[in-house]
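User: I have a structure to go through with you. Could you take my questions one at a time?

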Amino acid sequence: MATAASNRHSNKPADTPTARTTKPVASAARKSTQLRAVDNQPAHPATAPLTPATLRRLKKLPRRFYARDTQTVAHELLGKFLIHRVDDTLRVGRIVEVEAYLGPRDLAAHTSKGRTARTEAMFGPPGHVYVYLVYGLHHCMNVVTEPAGIGTAVLLRALEPVMNLSANTNGPGRLCKAMGIDLAHYGHDLCGDTLYIAEPPQAEAFSIVECPRVGVDYAGDDWAHKPLRFYIEGNKFVSKKWSPPAAKRPH
């Protein structure tokens, strides 16, 4: 994303989503990794045909990308490619929806309960994976942000399938299932060669919707209503489109 993201919370009412428009940014070539792409798979229209040669040239995001303000990272993860090598086959999805979690002060963040064995990775260095299990069934993948010890992260909520993925990628649990991500990836370094995030082959302009996060009512009105969920406007793979709650009528 070319436009700078705000480092502050929006002062707009929580029930009023906002939109930002990105500008295309040229992508650069990167040293290849030995990964195999499966032929005859659907690809994102902006990147078709997505060939093995194209995949080898994708620019992996560096550590410094993640070591920044969490909301900035969240905005700029949109449109990037999440890539996982599973049995020598690449699974690739375009990130279209995320949520920012701002550390111990954020009552919706796991780190608001302090540093525990469960949240250790979230307090670790940036550019690593924090995975947790919901209801004992669904895995959720987070990208750790900011310097070590801060306890911030970005939850990946939805992908647009690019290669070797089913269309069932809208929602953090479905995303992890489709990508083959589970607790074994807890603490994984995203600067490695098996699970990482990369610039797309061709940048696109899009608008970003900012709205409250999903399922965080337990955090209280203030944090539950902060516009910390971001998604690509109009993308059909977003897990839940934002609509303001109905106004309460007096009896």
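This is a predicted model: local features need pLDDT of at least 70, side-chain atom pairs count only at pLDDT 80 or more; totals for chains, interfaces and linings use all residues.

User: Is Cys176 buried or exposed?
Analyst: Cys176 is buried, at 1% relative accessibility. Buried means under 20% relative accessible area, exposed over 50%, and partly exposed in between, with a 1.4 Å probe and protein chains only. Cys211 is also buried, with a relative accessible area of 1%.

User: Changing topic, what is the order of the elements?
Analyst: From the N terminus, the order is β-α-α-α-β-β-β-β-β-α-β-β-α-β. The protein has five helices and nine strands; these are DSSP runs numbered from the N terminus, with helices being H or I of at least four residues and strands E of at least two. Of its 251 residues, 50% count as buried.

User: Which residues have the most contacts inside the largest nonpolar core?
Analyst: They are Leu77, Leu82, Ile95, Met141, Leu156 and Ile197, in a core of 55 residues. Such a core is a set of buried Ala, Val, Leu, Ile, Met, Phe, Trp, Tyr and Cys residues joined through side-chain atoms within 4.5 Å. Strand β6, residues 152-163, gives the most to this core, with six residues. Another core, of eleven residues, lies apart from it and includes Leu55, Leu90, Tyr196 and Ala198.

User: And what does Leu77 touch?
Analyst: Beyond its neighbours within four places in sequence, Leu77 is in contact (heavy atoms within 4.5 Å) with Leu61, Phe65, Ile95, Val154, Leu156 and Ile197.

User: Where is Thr145, and is it buried or exposed?
Analyst: Thr145 belongs to strand β5 and is buried, with a relative accessible area of 0%. Once neighbours within four places in sequence are set aside, the contacts of Thr145 include Tyr66, Arg68, Pro126 and Val154.

User: What about the next residue, Glu146: what is its phi?
Analyst: Phi of Glu146 is near 65°, a positive value in a residue other than glycine. Glu146 sits in the loop between β5 and β6 and is buried, with a relative accessible area of 17%.

User: And Tyr135: buried or exposed?
Analyst: Tyr135 is exposed, with a relative accessible area of 77%. Tyr135 lies in the loop between β4 and β5 and has a positive phi of about 55° although it is not a glycine.

User: How do the residues of the lining of the largest pocket divide?
Analyst: The lining has 14 nonpolar, six polar and four charged residues. Ala, Val, Leu, Ile, Met, Phe, Trp, Tyr, Cys and Pro count as nonpolar, Asp, Glu, Lys and Arg as charged, and the others, Gly among them, as polar.

Key: Residues are numbered from 1 along each chain as its sequence is written. Side-chain values use heavy atoms; hydrogens and water are left out.
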